[in-house]
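User: Please walk me through the structure below. I would like to begin with packing.

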Amino acid sequence: MHGLLALVLLLAVALVLPISFGLIKLYRRAVAKSMRRRASSLTNESERFTMSALPQPGLASPKLSVVDAATRVPAAAQVALYRRVLRAPWRIAAVYTVAGACYAIILSMIFFVASKMDIAPIRFLALFWIYFWPTVLTVNLVAAATWRTKLLTVAAYFLVSGVITAISLARSPEGSWTQHVLVWVIYNLPATLLLLTFLNRRVRAVGPLVLIFMIVAVLGAQLALSVLEISDQITRTLAAVASITGMGSYIAFFGFALLGFFIAWPLGWLILLLIRRLYERKKISDQSITVDAIWLMFGLDNSLLLASNGAIWLFSGLLAYVGFKVVVWIGLRLLRSGTAQTQKTPRLLLLRVFSLGKRSERLFSALTTHWRHAGSIELIAGPDLATDTVEPHEFLDFLSGKLARRFIDGPQTLQRRFSEIDTKPDQDGRFRVNDFFCHDDTWRIVLSQLVKESDAILMDLRGFTSQNRGCIFEVNELINVAPMGRVIFIIDDTTDEHFLLENVRQSWERMQPVSPNRLSASGQLQLFRFTGSRSGELRQLLRSLCIAANPA
């Protein structure tokens, strides 16, 4: 039985990566294709945003403020918000760490009971630390925003592992370092490598969903083959069919397995619909889906190793996972009860150059790791961040051929979409990303409304040139609608700064009479120089965003 489960797991995971990559590629293509379409019902309304006021030479030019990792930023108005943004992910990580310890203790106890071994303290500690490994992956997922932090977390784990191994060898000289390393490899490396296939950032948003579906479908195929093993009548019938039709016996049996595969599809789809329903009701979050996939994968893998002591131990991983979930539920509940309900939940609008690719993905991933514990993030959807922002219900709409209904194509759709903006946290305390799907002639009116309702605005202008006409319009709209104190422009060496400043100057001179920036003698243009490689850049950016969201 455990051999069957191992085969199911291997086949399912082998199919996850190519299927996930293919679906993400198709999803991006569908989004890009719909974005290029026009919705005539809003064309006239959106065209009014292209009109500019006459130049006003008397207006003072905006001041220029350039910030980088070394800049000293005052910390008066943003202390509480900044602390929440910086520390909240690690509080969640602490909850998962305690839950991971519970998981490791349960499995360690089961191991000694199943193998009928005496519990020795140092042996128990060594086994506990092996089972504790998924905690490292979870902490890196929920709290580590940079590669340096992730590497430090992994290094700390193996440092402790080395100390435990040294103590164990000092007390039991008959062992060796090679044996201890081999045990860790057997217990953790296969599941870790399997997880890397669908925890890859480019497919992470859909990988767990595809994995769940494929496990169910492949299990159907395996169960169909199991039926053949115990049913001589079906086996003889398939052999007769193969003889009459001229098909080989292997092809006939493969067809029977394929039949089981497709019969299991409705069950897999029902499970995905259940996940969607729980997600829409905020019972689960995008992050909790991925975390659960990690622990279920290790629980199943560890169960298969224990099953050699008896079939009943196949449920050991499930028992440990239940213990993990109970501790997580209690810990998150305690965190929510200790958080003041009166805390401000600022809304961040993210604008960017769509052609940035991986640079945009890395910044978005690091930013959301922290900011989503303080408030929601709004953005106009695009193919560049499709892998990071796609939500379970959006992905299932795409698979059902209903993605087009999420695009804003008229006043009613626009009003409904803004009324659906989610500004409340999930069970794990994280706020959601609200992405707006817009056609070629509707994104301008959506942008204006988003700018008005946002507390802080971050615009990534790395790679910005005179060719980025959409970004030129966005800069002009920000000057007309948003106080400059709430706006931060990210730049680097690939930004055409001369053109950017000239564009700002012209937009400033043509500022609309109702612009909030007309009330001040001059505005302050905040440029944040972000390379993505310097230490402290992310913290400085978060600090600047907190000041923008809570201006003095």
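Analyst: H3 and H14 are roughly perpendicular to each other, a term that covers angles of 65 to 115 degrees, with under 35 roughly parallel, over 145 roughly antiparallel and the rest oblique. Helices (H or I, at least four residues) and strands (E, at least two) are DSSP runs numbered from the N terminus. The model is predicted: local features need pLDDT of at least 70 and side-chain atom pairs 80 or more, whereas totals for chains, interfaces and linings use all residues. Residues are numbered from 1 along each chain as its sequence is written, and side-chain values use heavy atoms, without hydrogens or water.

User: At what angle do H3 and H14 pack, and how far apart are their axes?

Analyst: Helix H3 (residues 79–115) and helix H14 (residues 358–371) pack at about 105 degrees, and their axes are 7 Å apart. Axes are lines fitted to C-alpha atoms, for helices over the stretch in contact, and angles run from 0 to 180 degrees between N-to-C directions.

User: Which residues of H3 and H14 meet?

Analyst: From H3, Leu 81, Val 85, Leu 86 and Pro 89 meet Thr 369, His 370 and Trp 371 of H14, contact being heavy atoms within 4.5 Å. Five residues of this contact are nonpolar, two are polar and none is charged. Here Ala, Val, Leu, Ile, Met, Phe, Trp, Tyr, Cys and Pro count as nonpolar, Asp, Glu, Lys and Arg as charged, and the others, Gly among them, as polar.

User: Now the sheet. In what order do the eight strands lie?

Analyst: The order is S1-S8-S7-S6-S2-S3-S5-S4, in an open sheet with parallel pairing; two strands pair if DSSP finds at least two bridges between them. Strand S1 (63–67) and strand S4 (407–408) are the edge strands, each pairing on one side only. H14 packs on this sheet, touching strand S2 (348–352), strand S3 (377–380), strand S5 (433–438), strand S6 (456–460) and S7, and its direction makes about 175 degrees with that of S2.

User: How many bridges join S6 and S7?

Analyst: S6 and S7 pair over four bridges in the parallel sense, and Asp 460 has Ile 490 of S7 as its bridge partner. Strand S7 (residues 487–491) also pairs with strand S8 (residues 524–529), in the parallel sense over three bridges. There, Ile 490 has Phe 528 of S8 as its partner.

User: Why is S7 described as largely enclosed?

Analyst: Five of the five residues of S7 are buried, so the strand is largely enclosed by the rest of the structure. Buried means under 20% relative accessible area, exposed over 50%, and partly exposed in between (1.4 Å probe, protein chains only). Val 487, Phe 489 and Ile 491 point one way from S7, and Ile 488 and Ile 490 the other.

User: Changing topic: is Lys 116 buried or exposed?

Analyst: Lys 116 counts as exposed, at 77% relative accessibility. This residue lies in the loop between H3 and helix H4 (121–131), and its phi is near 55 degrees, a positive value in a residue other than glycine. Most residues other than glycine have a negative phi.

User: What is the phi of Lys 282?

Analyst: The phi of Lys 282 is also positive, near 65 degrees. Lys 282 sits in the loop between helix H11 (265–280) and helix H12 (286–306), and its relative accessible area of 17% makes it buried.

User: Where is Asn 517?

Analyst: Asn 517 is in the loop between helix H20 (497–509) and S8, and counts as buried at 4% relative accessibility. Beyond its neighbours within four places in sequence, Asn 517 is in contact with residues including Leu 478, Met 484 and Trp 508.
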